[in-house]
Amino acid sequence: MSVREAPRPAQSAADSPLHRTRTLGRFRLHALEAGLQRLDGGAMFGVVPKPLWEKRIPADERNRIPLALRCLLVETPDALVLVDNGVGNKEDAKFREIYGVENDGSPTRLEDALRDAGFAPEDVDVVIDTHLHFDHAGGNTYRDADGAIRLSFPRARYVVQEGEWEWAHSRNERVRASYLPHNFDPVHEAGRFELVSGDREVVPGVREVHTPAHTPHHQSVLLASEGEVACYLADLVPTAAHPPLPWIMGYDVEPLVTLETKRRLLGRAREEGWLLIFEHDPAVPWGRLDPAQERPTLVPEP
Ligand SMILES: [Zn+2]
């Protein structure tokens, strides 16, 4: 299947199944569809002109494009690992309207997707936060019926890069709108955050890899089992339209660092045939790079 034959972007959360499952060696990968948000298309594609990007993901009348909130549940022989967790349920109506968030569920669509895949929040052993932006770590915690903020995964240890933790608390004017303390401070206060530095294996076959610089300490997750490799890219390559090297988000704090990270990681992905998993693509959950093309060219998989 070529990129042009990719499925149509979801226009509402209900357009996507709650989850999709496939195997990777001895692992089972569950793509959990935690809902949709809508962000400015220009900001999502940086220096790429609109006539090019709107062919890939058309914009609404406010120039916003639909983006998935696709989290990854990894079932390994050793642990149940959740990578990222969407927006959560703590934001008010105005916030949800601005960002076009659609993630209703019990308490959010993420938990519904988790149950649909056969698990409960208390089954999760490890939560990996690729970074602490509200659309990635918002589901770390939830607001209960009495208004109290609780941990969404009561048994889990939560893992994030220490540098990302510090960056989230630096609160500089360019980035602070993305960091909402109720998404991560309660995890720390409960003593459940593990702050790590650099690349590290979290459980056998599940490895955090430092992939700057959407944020300086952004991480992706590399999965390996029985010779098969997959990579959850998070905001390094947010959609299946972003593999070309200069297609970099305007949100990135150091886009030229992102460029070099993409060159290195996607080069390996192409040579070694990795399965690439896209957190925000509204149609394509995963795919591989065409080994015959020098320029990163995605071949989507169902
Ligand atoms: Zn982000």
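Visitor: How are the donor residues of the zinc ion spaced in sequence?

Guide: This is a predicted model, in which local features need pLDDT of at least 70, side-chain atom pairs count only at pLDDT 80 or more, and totals for chains, interfaces and linings use all residues. Residues are numbered from 1 along each chain as its sequence is written, and side-chain values use heavy atoms, with hydrogens and water left out. Donors are N, O and S atoms within 2.8 Å of the metal (3.2 Å for Na, K and Ca), and sites may look incomplete since water is not among the atoms. The protein donors here are His131 (NE2), His133 (ND1), His214 (NE2) and Asp235 (OD), and the spacing of these residues is H-x1-H-x80-H-x20-D.

Visitor: Is histidine 131 buried or exposed?

Guide: Buried means under 20% relative accessible area, exposed over 50%, and partly exposed in between (1.4 Å probe, protein chains only). Histidine 133 is buried, and histidine 131 is likewise buried.

Visitor: Why does serine 16 count as buried?

Guide: Serine 16 lies in the segment before β1 (19–24); strands (E, at least two residues) and helices (H or I, at least four) are DSSP runs, numbered from the N terminus. Serine 16 counts as buried because its relative accessibility is 14%.

Visitor: Which strands do the buried residues of α8 pack against?

Guide: Among the buried residues of α8 are Leu259, Leu265 and Ala269. Contact means heavy atoms within 4.5 Å. The buried residues of α8 pack against β13 (228–232), β14 (275–277) and β15 (286–289).
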